[in-house]
Amino acid sequence: MTRLVGPARLAALCAGRVREHRDAEGLWSSAVLKSPLSGPALVTERGLAGDEVQDHLHHGGADKALLCYSVAHYLRWRVETGLELVPGAFGENLLLEGLDEEGACLGDTWAAGEALLQVSQPRVPCWKPARLWGRPTLAREMAESGRTGWYLRVPRSGRLEAGQALTLADRPHPDWSVARCWRAYLARHSAPRDWIELQTLPELAAAWRE
């Protein structure tokens, strides 16, 4: 059974718009870089008000309305990479204190402010944070460490604000932490037993079930 990592709190609420970036490889555009918001903001099944998505094939939609990341990971990344990372650096909308991939479970429903938030799948690390921070190995490091982050759907819209507590309202799958879901995904070809079981859980994002 998974563990809870202390009381969970929304440390920062982050949003970003699609912008152009230029590096040694050329010009590219993304909304991966988020910035903390001051004051409350509305979250709905479409995501966080004021936040943009550039790649609608792989990001956004009801099963990926919000991206979460753990505050605890930031210190580890700073030590390991030497990068001065700030909230929103990994593209997250919700930076959470007291909760990580071992403590959050698939299908968890959390009450936060007026909203209800439900865990839908781990995040699959992509190339954009790696390119943004000039560290080509970052996606692989995220995958291997399990510090991936995870996605939420929004069963009930409402306003969120930094500093709010998250209260666990429902936990249908206490044995299926986000970390275990991620391990099942990585081993889906070599040892598919967990992956097959995971795909039977109705709270799993449709893209992973398909």
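**Figure 1. Pairing of strand 5 with its neighbours in the predicted model.** Ala 41 stands opposite Leu 160 of strand 12. The model is a predicted one. Strand 5, residues 41-44, pairs with strand 12, residues 158-160, in the antiparallel sense, and three bridges connect the two. Strand 5 is also joined to strand 6, residues 47-48, by two bridges, again in an antiparallel arrangement. Thr 44 has Gly 47 in strand 6 as its bridge partner. Two residues lie between strand 5 and strand 6, and the two strands form a hairpin.

**Figure 2. The largest nonpolar core and the surroundings of Leu 66.** This core comprises 25 residues, and those with the most contacts inside it are Leu 66, Leu 94, Leu 117, Trp 150 and Leu 160. Two or more residues each are given to the core by strand 1 (8-15), strand 5, strand 7, strand 8 (94-97), strand 9 (109-112), strand 10 and strand 11 (150-156). The most is given by strand 1, with four residues. In soluble globular proteins, nonpolar side chains tend to be buried together. Beyond its neighbours within four places in sequence, Leu 66 is in contact with Val 43, Gly 47, Leu 48, Asn 93, Leu 94, Leu 117, Trp 150, Tyr 151, Leu 152 and Val 154.

**Figure 3. The buried residue Ser 120 in strand 10.** Ser 120 belongs to strand 10, which covers residues 115-122. Ser 120 counts as buried because its relative accessibility is 0%, against a limit of under 20% for that class. With neighbours up to four places away in sequence set aside, the contacts of Ser 120 are Asp 63, Leu 106, Tyr 151, Leu 152, Arg 153, Glu 203, Leu 204 and Ala 205.

Figure 4. Helix 3 spans residues 138-145 and contains Met 142. Met 142 is classed as buried because its relative accessibility is 1%. Residues up to four places away in sequence are not counted here; Met 142 touches Tyr 69, Trp 77, Phe 90, Arg 123, Pro 125, Arg 147 and Thr 148. Met 142 and Ala 130 are twelve residues apart along the chain, and their C-alpha atoms are separated by 9.8 Å.

**Figure 5. The largest pocket and its lining.** The volume of the largest pocket is about 470 Å³. Its lining consists of 30 residues, with Lys 34, Asp 51, Glu 52, Val 53 and His 59 the closest to the centre. Strand 5, strand 6 and strand 7 (66-70) are the elements that contribute two or more residues to this lining. Sorted by class, the lining of the largest pocket holds eleven nonpolar, eleven polar and eight charged residues.

**Figure 6. The second largest pocket and its lining.** A volume of about 360 Å³ is found for the second largest pocket. This pocket is lined by 20 residues, and Leu 57, His 58, Lys 64, Gln 121 and Val 124 lie nearest its centre. At least two lining residues each come from helix 2 (127-132) and helix 6 (206-209). Helix 6 gives the most to the lining of the second largest pocket, namely three residues. The classes represented in the lining are eleven nonpolar, five polar and four charged residues.

Note on methods:
Residues numbered from 1 in each chain as written. Predicted model: local features only at pLDDT ≥ 70, side-chain atom pairs only at ≥ 80, totals over all residues. Heavy atoms only, no water. Buried < 20%, exposed > 50% of the residue type's maximum accessible area, 1.4 Å probe, protein only. Contact = heavy atoms within 4.5 Å. Pairing = 2+ DSSP bridges. 1 Å grid on protein atoms, 1.4 Å probe; cavity = no way out; pocket = protein on both sides within 12 Å on 5 of 7 lines; lining within 4 Å. Points joined across faces, edges and corners; volume = space filled by probe spheres on them. Nonpolar A, V, L, I, M, F, W, Y, C, P; charged D, E, K, R; others polar. Core = buried A, V, L, I, M, F, W, Y, C linked by side-chain atoms within 4.5 Å.
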